[in-house]
Amino acid sequence: MAKDKDKTNVMRVLDSKKIAYNSYSYTPDSTLTGEEIAKLLNEDVERVFKTLVTQAKSGGYYVFVVPVSKELDLKKAAAAVHEKAVSMIKQKELLPLTGYVHGGCSPVGMKKQFPTVIHETAQNFEKIFVSAGRVGNQVELSPEELSSLVRASYADVVE
């Protein structure tokens with residue numbers, strides 16, 4: 001466990017909900033790809049997930065948690081949330097909307113809870129990795145506990 005001063009908001013939320021997790025850190029580098037982060041963690045790239053935020057034509061925001069090695073399929077994503085279309089939000093909108101910066105966005109502890117979809121392959125693993133809410137930090141936790149916490153559904157939303 002990280003020392004309290006080293007804890008991210010994500011870790012504090014998980015602690016408050018009594019959700020078990022392991023935390024990992026690496027030298028913060030916003031140029032690292034998800035695949036490179038998986039390699040740094042010495043983990044299966046299929047277990048490391050990224051958090052993507054979209055906006056629908058209706059104006060609603062949606063969060064998608066997908067393997068770092070995959071791309072979000074916007075048509076499948078829209079269908080999963082019963083919208084005509086969704087598009088990625090602009091990077092400059094991420095911090096004001098979620099409280100997180102690019103490369104450190106987590107489905108846990110956003111300023112507001114948005115409808116969230118986790119790619120269905122997460123269910124194949126006992127534990128998955130997501131950002132701990134800061135570039136250079138990851139948490140490993142049960143996909144079921146993550147799904148329950150953020151009230152997420154599962155769907156096939158990648159290309």
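Which residues does Leu141 touch, not counting residues up to four places away in sequence? With contact taken as heavy atoms within 4.5 Å, Leu141 touches Leu14, Ile19, Ala20, Tyr21, Glu126, Lys127, Ile128, Val130 and Leu146.

## Basis of the description

This is a predicted model, in which local features need pLDDT of at least 70 and side-chain atom pairs count only at pLDDT 80 or more, while totals for chains, interfaces and linings use all residues. Residues are numbered from 1 along each chain as its sequence is written, and side-chain values use heavy atoms, with hydrogens and water left out.

## Nonpolar cores

A nonpolar core is a set of buried Ala, Val, Leu, Ile, Met, Phe, Trp, Tyr and Cys residues joined through side-chain atoms within 4.5 Å; buried means under 20% relative accessible area, exposed over 50%, and partly exposed in between, with a 1.4 Å probe and protein chains only. The largest core has 29 residues, of which Leu14, Val53, Val130, Val139, Leu141 and Leu146 touch the most other members. Among the elements that give two or more residues to this core are helix H1 (9-16), strand E2 (49-56) and helix H4 (91-98), where helices (H or I, at least four residues) and strands (E, at least two) are DSSP runs numbered from the N terminus. A second, separate core of 14 residues includes Tyr62, Leu72, Ala78 and Val117.

## The open sheet

In the order E4-E2-E3-E5-E8, 5 strands form an open sheet with mixed pairing, two strands being paired if DSSP finds at least two bridges between them. Strand E4 (86-88) and strand E8 (153-155) are the edge strands, each pairing on one side only. Within the sheet, strand E3 (residues 61-67) and strand E5 (residues 116-119) pair in the parallel sense over 3 bridges, and Val63 stands opposite Thr116 in E5.

## Helix H4

The buried residues of H4 are Leu94, Leu97 and Thr98. Seen down the axis of H4, these residues fall within an arc of 90°, so they line one face of the helix; the arc is that of the directions from the helix axis to the C-beta atoms. On the other side of H4, Lys92 and Pro96 are exposed, whereas E2 and E3 are included in what covers the buried residues. Gly99, whose phi is positive, near 90°, follows H4.
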